[in-house]
Amino acid sequence: MAEPGRPQRVSQGIAGTWPAGGSASAGGLAPAGFDLWSAIAGTLRQWASAEAGAGRLLPWVPVAFGSGIGLYFAADHEPVLWVVATTAIALLLGAVLVRRSRVFAPAIMIAAVAAGFAVATWKTARIAHTVLAKPLYSVSLSGFVETRDIRERTDRFVLRVTAMEAQRSDIRLERVRLSVRKGTAPEVGSFVQLKARLMPPISPVRPGSYDFSRDMFFQGIGASGFVMGAITAAAAPDAGGLRLRYAAFMQGLRDAIDARIRAVLEGDNRAIATALLTGRRDAITAPVNDAMFVSGLGHVLSISGYHMAVVAGVVFFAVRALLALIPGLAVGFPIKKWSAAAALVAAAFYLLLSGAEVATQRSFFMTAVVLIAVMVDRRAITFRTLAVAALIVLAVAPEALVHPSFQMSFAATLGLVALVQIGMPNLYASPDHSATARIAMWGGREIAMLFLASLIAGLATTPYAAFHFHRVTPYGVLANLGAMPVVSALVMPAGLLGLLAAPFGLDGVFWWLMGIGIDWMVAVSRWVAALPGAVGRIPAFGIAPLIAASLGIIVMGLLRTPLRWSGGLVLLAAILWGLSARPPDILIAGDGQNVAVRGRDGHFHMIRANKDGFLLKEWLAADADPRDAANGTLADGVSCDEAGCVTPLADGRLVALALRVDALADDCSRAALVVTARPAAPDCAAMVVDRQRLAAQGALALTRRGDGFAVQTVKARGADRPWAPATAGEGDFGASLAPPAAAPRTRDATPSEADMQAED
């Protein structure tokens, strides 16, 4: 009989003959650890089944959708729209047909990938426009001013072109972005005539760097440049359309707000206050801007999900508190839903006021989904909410996927949603002893949540900051803990109250309060930026480690079982992968006017034919080099004259930049590598990077491999995209440079005079 209180073992067959699970060794034939491996396999199957359960599929759909968009941007040439669209529709219909079978999950994921690819292709086809391929040095333009940016040193505006005349060119552009002397930018909505020098959109300054030409293409801009001479206002041929009138109205509203802030605040305080409310952040001085980004508070200057959440949150709680003061409304009506609707209206107004850029649109969609969930009695902060917001953003603006603001924002939001879903229930559990209760009573849990939120958001965005900006913020948590409570409780609420009070002329005190909070924020950023090791520089690495890191973050955020920690292993592998990347030995600008050569000291030495501060800043940042473009040591070891410059590699071989044709012959005989913006002679004895190669491949990164170099290029072989069209006559160049084979030396057949005389 079984002992009382102990469970009785019941099994099929003869009791006790076969151990449970049938995993005992029979005659010593089964391996000794078979039980352990069977248990592990069973546990893994159980976890996998849990992850594939009901409601777990939706958060992965935007991941697949974004993967399709990523594949589109990785293509070498533009896909055929009707083929792509037909494929996506067929796969979506197929997924619907098999929705009740086991293959539905993989079918819908494949269909989502195809849909992302198709949406990106359709967006590009819809906004297709001409992009300038070669510089135009004197162009007459007429058109409407659509946007205007007020910056620290110069102003800038976007002109919708109605008429364009250029010598020896019949190209017609739709929009151009022009820089002007500060204070001379025309009003938005005005019709102007001017002369300008136009340049093609900026291509990547090195392989793997950010592609600004792609951004300008999706903004509808075909060229950039600067105004030559005066800008003349003229009578418009038409009204310009409703969109232009709306842009003029919103610009006037932003200017009015800036003028009201300027009456109370000045300098960086005024610039930051304007940036927080209107999105115009270019007037902030470089020292403060650098301190904000070094300290980890740079996200405050760019209107993002945080700003939108603060605006919506302040309006939501203010409206709800006011309605709760009326007992009849509080008891009989859904004031919570009314407050959410008011917050949604406020968020929409903030979106329009701040310029409705892609990053701000993303923030608004995320906030709107949360508020609508409140209005329809659904949980507001969930992975489904995040998934729906991501799908909306990517469907409206698929180009946002490759923008750092989208990547950093959604990585941080994913981490915070995981904290809310997993961390908060544990942290807010009832305390089990008096010490914990006292800590919780005095706000210990809130402080812990603020610390965890800053830590998780900072860690989630680190791979993207390292990839795009080549730096990390070691003290970012400290800066956010010191500044963000003041920004949330004082700066942003004061700004909103200032906007409400401005029509009544009572806004001055609120701008003053906003300035006090900004003073504190700037002081915290300067203090943190001055700490030892505050600038965490990271050398550039390829896109593959970033994709692996993204996969690790997504797995850690979306999975619920302990399988999530496999994402941590992937993330760790991605970090090691990125840190092990070998830096290039030579960088060559796309115009052949600047060359960086790594010398014996391990640092770059710059050969500069023109002073391109932006290019040098990017090159130095990508090399984790703390020097700036004005540092005198950049030219150490570089010898120059009017014909060109020469500097040695780490192995002693010379790299020459030939500026004149007459220098090529000497450089070809002495240097191992010759860089020139001119056509090089085919019989040059050195390795050559000349005009034809630069036109075909863009900026280059060379890494020593034996006596030659492995070549990384901005433009892949055969690449032809709307924002970087292939030019006619491009040569076919490989991915390596090797010393040319030595030509066989011909023997002189002339006999010596002594031999001639001996024969005679």
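Here is a run of questions and answers on how the terms used for this predicted model follow from its values.

The model is predicted, so local features need pLDDT of at least 70 and side-chain atom pairs count only at pLDDT 80 or more, while totals for chains, interfaces and linings use all residues. Residues are numbered from 1 along each chain as its sequence is written, and side-chain values use heavy atoms, with hydrogens and water left out.

Q: What makes up the protein in terms of helices and strands?
A: There are 24 helices and 18 strands. Both are DSSP runs numbered from the N terminus: helices are H or I with at least four residues, strands are E with at least two.

Q: Why is Trp37 called exposed?
A: Exposed means over 50% relative accessible area, buried means under 20%, and partly exposed is in between (1.4 Å probe, protein chains only). Trp37 has 59%, so it counts as exposed. You'll find Trp37 in helix α1, residues 34-51.

Q: What makes Leu36, Trp37, Ile40 and Leu44 a patch?
A: A patch takes residues with over 30% relative accessible area and no salt bridge; nonpolar side chains (Val, Leu, Ile, Met, Phe, Trp, Tyr) are joined within 5 Å, and like charges within 9 Å. These four form a nonpolar patch on the surface, with about 420 Å² of accessible area together. Accessible areas come from the Shrake-Rupley method with a 1.4 Å probe, and for residues only the protein chains shown count as cover.

Q: Why is Val509 called partly exposed?
A: Its relative accessible area is 44%, so Val509 falls in the in-between class. Val509 sits in helix α18.

Q: What about Ala342: why is it partly exposed?
A: Ala342 comes out at 26%, so it is also partly exposed. This residue belongs to helix α11. Leaving aside residues up to four places away in sequence, Ala342 touches Val315 and Val319, where contact means heavy atoms within 4.5 Å.

Q: What makes a set of residues a nonpolar core?
A: The members are buried Ala, Val, Leu, Ile, Met, Phe, Trp, Tyr and Cys residues joined through side-chain atoms within 4.5 Å. The largest such core has 51 residues, and Ile272, Leu297, Val300, Met514, Ile518 and Met521 touch the most other members. Helix α17 gives the most to this core, with 9 residues. A second, separate core of 43 residues includes Tyr464, Ala549, Ile554 and Leu558.

Q: Why is the pair of Phe144 and Phe191 called edge-to-face?
A: Rings of Phe, Tyr and Trp (its six-membered ring) pair if their centres lie within 6.5 Å; planes under 30 degrees apart count as stacked, over 60 as edge-to-face and the rest as tilted. Here the centres are 5.0 Å apart and the planes are at 65°, so the pair is edge-to-face. It links distant parts of the chain, with Phe144 in strand β1 and Phe191 in strand β4, 47 residues apart. Both Phe144 and Phe191 are buried.

Q: How do you know what kind of pair Phe406 and Phe410 form?
A: Their ring centres are 4.7 Å apart with 40° between the planes, and the pair is tilted. The two are 4 residues apart in helix α14, so about one helical turn separates them.

Q: Why do Phe406 and Phe410 count as buried?
A: Phe406 has 8% relative accessibility, so it counts as buried. Phe410 has 12%, so it counts as buried too.

Q: What makes Arg598 and Asp623 a salt bridge?
A: A salt bridge is a side-chain nitrogen of Lys or Arg within 4 Å of a carboxyl oxygen of Asp or Glu. For Arg598 and Asp623, the closest N and O atoms are 2.7 Å apart, and they form a salt bridge. Arg598 is in strand β9, while Asp623 is in the loop between α21 and β11, 25 residues apart.

Q: Are these two partners, Arg598 and Asp623, buried or exposed?
A: Arg598 has a relative accessible area of 10%, so it is buried. Asp623 comes to 13%, so it counts as buried.

Q: How many salt bridges does this rule give?
A: The count comes to 20. Among them is the one between Arg270 and Asp258, at 3.3 Å from N to O. Both Arg270 and Asp258 are buried.
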